[in-house]
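Here are my notes on this structure, as numbered points. Please read them beside the coordinates.

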Amino acid sequence: MGRGNVLVLTGAGVSRESGIATFRDAGGVWEGVDPMQVATPRAFAADPKFVWRFYDARRAHAASAQPNPAHRAIAAIEATGRPFLLATQNVDGLHERAGSKKLVRLHGSLWRVRCTACAAEHEDLRPKLEPLPPHCTVCGAMLRPAVVWFEEPLPMIEFGRAQFAAREAELVLVVGTSSLVYPAASLQMAALESGAYVVEINPETTSFSAEANEHLAGPAGVVLPALLLAAGIPMEQVV
Ligand code: OAD
């Protein structure tokens with residue numbers, strides 16, 4: 001894998017083998033519910049309880065899921081000590097539970113809540129927050145999930161770190177994302193333009209496959225451990 005900077009970009013596909021549905025595949029989250037009804041500021045303003053029910057169900061599901069070999073392989077790359085960053089679009093917390101530390105969450109976290117009035121934000125690891133909607137312990141106003149919704153900007157510091165890493169990286173692994181959602185999907189393009197070697201790992205071809213230097217077709221939980229084996233990186237040095 002060379003000795004330069006490594007950037008790993010992940011999407012919902014990396015958690016598929018943990019039993020968490022992706023968004024746009026058959027049977028995906030957006031097949032059952034219209035994103036405009038649960039993942040926009042307008043939807044939350046119109047019916048906060050409905051939106052909270054959607055996120056509470058996802059919290060409960062994520063809490064019962066376990067990190068899979070793909071999450072563990074990514075944590076193992078970081079554990080080698082080479083310059084590394086993981087930038088994930090996922091909000092499920094499975095990367096953290098697999099031992100990843102150098103990570104930025106481009107779309108927030110299911111496990112954080114933010115006050116709609118005073119903007120106080122904190123971690124809340126309870127799988128269920130009922131009664132819904134929950135309220136701020138500081139000022140009493142309604143809390144919202146600290147995730148990024150459509151029509152909202154990405155967290156500036158996190159996205160800036162990912163952009164910097166994309167420009168500096170020698171190797172970029174793009175794992176389990178359809179590369180359809182911007183600005184997250186601009187990172188792999190920026191990395192290519194800066195001369196990184198960009199490898200896509202996905203059982204399907206995506207809108208990005210033709211651009212990538214390489215497309216490794218297969219489930220992340222199979223392909224990533226095989227790559228580590230080939231590179232002589234042990235999986236078991238991580239939790
Ligand atoms: P998508 O559902 O758009 O894409 C998931 C990708 O994972 C697809 O390309 C699948 O082929 C691939 N995939 C499926 N199983 C896999 C496996 N076992 N290993 C590797 N890849 C696999 O999900 P994202 O690209 O993450 O944003 O979606 C990006 C954003 O759109 C999400 O963060 C979310 C969503 O709307 C918001 O909610 C704001």
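1. Accessible areas here come from the Shrake-Rupley method with a 1.4 Å probe; for residues, only the protein chains shown count as cover. By that method the protein exposes about 11100 Å². Carbon and sulfur atoms supply 55% of that area.

2. A word on provenance. This is a predicted model, in which local features need pLDDT of at least 70 and side-chain atom pairs count only at pLDDT 80 or more, while totals for chains, interfaces and linings use all residues. Residues are numbered from 1 along each chain as its sequence is written, and side-chain values use heavy atoms, with hydrogens and water left out.

3. Overall size. The radius of gyration (over C-alpha atoms; the globule rule is 2.2 Å times the number of residues to the power 0.38) is 18 Å, which agrees with the value near 18 Å for a compact globule of 239 residues. Along the principal axes, the C-alpha atoms fill a box of roughly 50 × 35 × 35 Å.

4. Make-up and packing. The protein has nine helices and nine strands. These are DSSP runs, numbered from the N terminus: helices are H or I with at least four residues, strands E with at least two. Of the 239 residues, 50% count as buried (under 20% relative accessible area; exposed is over 50%, partly exposed in between; 1.4 Å probe, protein chains only). Contact means heavy atoms within 4.5 Å. Among contacts with a separation of 6 or more, 66% join residues 24 or more positions apart.

5. Histidine 71. It sits in helix 5 (residues 69–79). Its relative accessibility is 0%, so histidine 71 counts as buried. Leaving out residues up to four places away in sequence, histidine 71 touches Val14, Ser15, Ser18, Leu94, His95 and Ala98.

6. Glycine 218. Where is glycine 218 found? The loop between strand 9 (214–216) and helix 9 (220–231) holds this residue. At 8% relative accessibility, glycine 218 is buried too. Beyond its neighbours within four places in sequence, glycine 218 contacts Ile201, Asn202, Pro203 and Val223. Its C-alpha lies 20 Å from that of isoleucine 233, 15 residues apart along the chain.
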